[in-house]
Amino acid sequence: MRMIFQTGLLRQLTERGVSVSVVVPDATDPNIVSLCERDGVRPLEYPAPDQPAQRILKSLRKYVVEDIRNNPCLWDKHEELKRAGGWRKKLTGSLGLILNAVVVYAPWLRRLFLRMEQRILLRPQAIDFIEKLAPDILVSTYPVSAPEPELMLAARHLKVRTVLHLLSWDNITAKGHFQALADDYLAWGPTMKEELQTFYAVPEARITECGVPHFDLYFRKDEQRVDSPLLEKLEAEKEPYLFFALSASRYAPCETAILQQLCAETKAGGRLAGVRIVARPHPSALSGLMEDTKTLDKLKALEKDAGLLVSYPLMVTGSKMNWSVRDSDMYELIALLRGAAVVLNSGSTVAVEALALGRSMVITAYDGPEKLPYDRSARRLMDYPHLRKLMADGGGERTNNHEELMEVLRVLMKDPTYHLARRQRALYRQIGDQQGNATEQVAAALLTFLARPQVPGQVERSKV
């Protein structure tokens, strides 16, 4: 939603005379219809449902294809399966580990699995869909989730040029090997480019670094003003504030306890006296499969009893698009990040967004006053490859308990330029040399691909 609809990317293409269609879960969704009409694009539904065999293969994939024990993100998914799944999922996890051990000694099973998967995903319905659509280019943003892999494979079968434009910084290292590869790739910056080369042996000539379209507004000072009572309150009070962007509680279950400790420090005599605390729940907490009423109830209690200010994402009710938020929500988020004295989070994309706005960023790698087991603790997020790389590049300050957080906040609020050169290097590693023109660069790259003759058989195999 943010990357292609809320950036003006589609409109830039249609204004250049390109015909654009967007495959969406529901082509009658009023929000989708309105956005498509605005940008002059056509919403389309791909009607084929998931196959039972496809679902089974996907559940086994991380055990057969991946080195799951050495991938913290995928191992975390396995641990979550054991904790929260029913007996069938727990059995799948146990059998999956056995299968993973067997594959180590019989790698031919992995190759057999991948061949079987490719045959199942190359569906007649997908081929028919792409054939009737007859695109010159098919762009995928998330090739690990249906229906994108099967549409990509159908396009490859029909010799239609494919482009991979990943929507998040963790897609390569955290989601497992892609089920379909592409002819050309649009990367955020040097880190993503290196990952494409390392994991998929993509030649440098087929990777274009374009930055992040949905970060463009962060580099512009003339962003749209939004009618926000919260922003008006902060502006009227003129007090410094800390902005805490929460993750889904599945990843960091004790962030509300950290907020409670911070709010206590803002009282008279506390170390943060005169400082406001602003929190923002992750959009997934408000709707969808990860809806989290417990966290929302705790935030409301802190609003009432501890003076916490909360920015609730402005969700589009009834939309089938995941985490669909209104355009005005982007402007409130930008304003909150830009005005914050320090940005805190446990490892979400906000860590990079804060750097784009020149804000100091702190990772809360702990569980408030508790110390949870590693497999449920926010500590484990520090081992996720994408976050580990950001921190190694100097992207932020890690804190392991409340006292460390207080000391880091004291330093950062006293000196906003603390470790500025390191933060700028970390930002460059993530998004390249961008100053708000990523959308234009993506549009230009797609137009270049349109003008380039297709080379049959260009897509290569993954280095699995």
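The predicted model holds 26 salt bridges, a salt bridge being a side-chain nitrogen of Lys or Arg within 4 Å of a carboxyl oxygen of Asp or Glu. One of them joins Arg2 to Glu353, with the closest N and O atoms 3.1 Å apart; this pair links distant parts of the chain, since Arg2 lies in the segment before helix H1 (9–15) and Glu353 in helix H15 (residues 350–356), 351 residues apart. Helices (H or I, at least four residues) and strands (E, at least two) are DSSP runs, numbered from the N terminus. Arg2 is partly exposed at 23% relative accessibility, whereas Glu353 is buried at 2%, where buried means under 20% relative accessible area, exposed over 50%, and partly exposed in between (1.4 Å probe, protein chains only). Arg379 and Asp367 also meet in a salt bridge (3.7 Å, N to O), and both belong to the loop between strand S11 (361–364) and H16, 12 residues apart. Of this pair, Arg379 is partly exposed at 22% relative accessibility, while Asp367 is buried at 1%. Through shared partners, salt bridges join Glu194, Asp393, Arg425 and Arg429 into one network.

Residues are numbered from 1 along each chain as its sequence is written. Local features need pLDDT of at least 70 in this predicted model and side-chain atom pairs count only at pLDDT 80 or more, although totals for chains, interfaces and linings use all residues, and side-chain values use heavy atoms, with hydrogens and water left out.

Contact means heavy atoms within 4.5 Å; beyond four places in sequence, Leu390 touches residues including Trp169, Met361 and Ala426. His386, placed in helix H16, is buried with a relative accessible area of 5%.

In helix H10 (residues 190–200), the buried residues include Pro190, Met192, Leu196 and Tyr200, and the buried residues of H10 pack against elements among them strand S5 (184–187) and helix H18 (420–431).

The protein chain averages a pLDDT (the predictor's confidence in each residue, from 0 to 100) of 91, and 96% of the residues score at least 70. Over residues 460–464, however, pLDDT stays under 50. Where pLDDT is low, the predicted coordinates should not be read in detail.
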